[in-house]
Amino acid sequence: MQIQVVDAFSGDVAGAEATVLMVPCYEDDFPLESAVLERDDEVVLQALVDRGALTGKAGNCTYLPTPGRVYGGVLVLGVGKRAAVDAEGVRRATGKACDLLTANRAGTVVLDLARHAAFPAAAVVDALLLGQYEFKVYKKPAETPAVNVGALTVIAPKDGDLNALQRGLELAALASLGANGARHLANTPPNDLTPAKLAEFAEGIAKDSGCECTILEQKQMETLGMGSLLAVARGSVQPPRLIILRHHHSDDAKTIAIVGKGVTFDTGGISLKPGADMHEMKYDMCGAAAVLCAMMNIVELKPAVNVICVVPAVENMPDADAMRPGDIVKAYNGKTIEVHNTDAEGRLILADALAYTVDKYKPDAMVDLATLTGACVVALGHHAAGLFTGDDSIAEALIAAGETTGERVWRMPLWDDHDKLIEGNHADICNIGPREGGAISAAAFLKQFVGETPWAHLDIAGTAWGAKHLPYLSPKHASGYGVRLLTAWILKQAG
Ligand code: BES
Ligand code: MN
Ligand code: ZN
């Protein structure tokens, strides 16, 4: 999407028909504030106000075709009470507006902020990009292809800083396109997105940006003693990968690690899952997609901080050589693990990935993202990721990044008490705890592999797909959750 900030709009008559003038509107707060809207159109819109059809309530969107103007239509974007407008409200309202834009074949949006100082314009960019995302790779092409918004012109607020606004909008576009990249990876079916393909995607990022990429294969992982990850991989004919991308700023800068669960398909293994929703387990690599695509943004933005991105990638299948319930395996840090349920595989691959990241890169802060437990979905639904950490400052920073991006996190307890839940019978630890508090015992398990490193775990099982309350995300697709959150969090660390 082409983004342009201007201080006045004179109109591009040639493209007028496909140009939609978007005017924000507050609840019960009229007349509309626009520098461009023609008097006759104002009269029509006021008539809609008078009959209560146009209210300015959050998400109340009205489209008015306006033939013969420099704009082909007006879209009034209801964003709620003036004092309560925030980025997420604007994202959701714009998400609703996307349907009207698509229905009216809008190719260009002119967002009129001339009389809207301090309007969260970046949220409009987010929602236009996220809201118009489609995944049609495997579908017969439509006879009349849809028109998408390919250009956004923002009329800056009077006395506004045009350059700062432009930069903010471009940053939003980058982050949201990264999120769409993660959605694309996740939506790609598991027969086409194997661990090897995930590694190729990472190599592509490195090739385009010049950042460093290391892919560890099975033999190397055997030598390194990653018995926990390899135990999961054994059940599949698809060989595992450990993917590492590195953005190096300077030796003096602090190092942040982001680690993502990359199970390209999770059958449960020998502890086989029920069939009903098993197809959704192609999304079990959404943590990996999030960290890889956040990294794609990072290598583009080159913030003043070192970032390591690590993805353990496997397929969890019940082949003849698959690990069994009862098996005891040894992880990279020497801890032995009794496998009581082969479906608790995410923590097994993360165990080696986290321990290796800590040992090799000694990060100052580490965050992992994983579609780790159904229990987290039971606890928080699709509205927030579970945040588990003993580190208050990481918690605070992630919660803040969640508020600015709308990718919410909700802190859950993680106390030493919880270590008891995963004690092993015949090994150091067991890969499952009791049913109650299942998301917490999973986090307590991961904690065994991070040593003293300040670390947080985000269980994104509920947020990676399936949310129905966000108009800018179609519930048919993966959400790309985490890309915008991580990008915001890392940029903030870099100052
Ligand atoms: N990938 C699943 C978690 C999951 C389930 C995410 C449903 C989203 C929706 C994970 O590997 C898993 O199977 N976890 C088990 C753990 C249990 C065996 C302790 C679960 O949640 O049932
Ligand atoms: Mn599983
Ligand atoms: Zn899984």
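Biologist: Let's begin with one residue. Is Glu 345 buried or exposed?

Modeller: Glu 345 has a relative accessible area of 0%, so it is buried. Some ground rules: this is a predicted model, in which local features need pLDDT of at least 70, side-chain atom pairs count only at pLDDT 80 or more, and totals for chains, interfaces and linings use all residues. Residues are numbered from 1 along each chain as its sequence is written, chains are lettered from A and ligands numbered from 1 in the order in which they are written, and side-chain values use heavy atoms, with hydrogens and water left out.

Biologist: On to the metals. Which residues coordinate the zinc ion (ligand 3)?

Modeller: Look for donors, which are N, O and S atoms within 2.8 Å of the metal (3.2 Å for Na, K and Ca); water is not among the atoms, so sites may look incomplete. Here the zinc ion (ligand 3) is held by Lys 261 through NZ, Asp 266 and Asp 284 through OD, and Glu 345 through OE, at 2.0 to 2.4 Å.

Biologist: And what is the geometry of the site of the zinc ion (ligand 3)?

Modeller: The ideal to keep in mind is 109.5 degrees for four tetrahedral donors, and 90 or 180 degrees for six octahedral ones. In practice there are cut-offs: four donors are tetrahedral if all angles lie between 85 and 135 degrees; four are square planar and six octahedral if opposite donors are over 155 degrees apart and all others between 65 and 115; anything else is irregular. The zinc ion (ligand 3) has 6 donor atoms with angles of 78 to 174°, and its site is octahedral.

Biologist: What spacing do the donors of the zinc ion (ligand 3) follow along the chain?

Modeller: The pattern is K-x4-D-x17-D-x60-E.

Biologist: What coordinates the manganese ion (ligand 2)?

Modeller: Its donors come from Asp 266 (OD), Asp 343 (both O and OD) and Glu 345 (OE), at 2.0 to 2.2 Å. With 6 donor atoms and angles of 70 to 167°, this site is irregular. Asp 266 bridges the manganese ion (ligand 2) and the zinc ion (ligand 3), which lie 3.2 Å apart. Asp 266 and Asp 343 also link distant parts of the chain, 77 residues apart. Asp 266 counts as buried, at 2% relative accessibility.

Biologist: Now helices. At what angle do helix 4 and helix 8 pack?

Modeller: Two packed helices are described by the angle between their axes and the distance between the axes. Axes are lines fitted to C-alpha atoms, for helices over the stretch in contact, and angles run from 0 to 180 degrees between N-to-C directions. Helix 4 (residues 162–187) and helix 8 (residues 286–301) pack at about 150°, with their axes 8 Å apart. By class, their contact has 12 nonpolar, 3 polar and 1 charged residues. Nonpolar covers Ala, Val, Leu, Ile, Met, Phe, Trp, Tyr, Cys and Pro, charged covers Asp, Glu, Lys and Arg, and the others, Gly among them, are polar.

Biologist: Which residues does Pro 240 touch?

Modeller: Contact means heavy atoms within 4.5 Å. Not counting residues up to four places away in sequence, Pro 240 touches several, including Pro 195, Met 221 and Ala 313. The C-alpha atoms of Pro 240 and Ala 313 are separated by 5.6 Å, though the two are 73 residues apart along the chain. Pro 240 lies in the loop between helix 7 (227–233) and strand 8 (241–247), and it is buried, at 1% relative accessibility.

Biologist: What about the backbone? Which residues does a cis peptide bond join?

Modeller: Most residues other than glycine have a negative phi, and most peptide bonds are trans. Here Phe 30 and Pro 31 are joined by a cis bond, with omega about 5°. Arg 105 has a positive phi, near 55°, and is partly exposed at 39%. Lys 302 has a positive phi of about 45°, and at 52% relative accessibility it counts as exposed.

Conventions. Buried means under 20% relative accessible area, exposed over 50%, partly exposed in between (1.4 Å probe, protein chains only). Helices (H or I, at least four residues) and strands (E, at least two) are DSSP runs, numbered from the N terminus.
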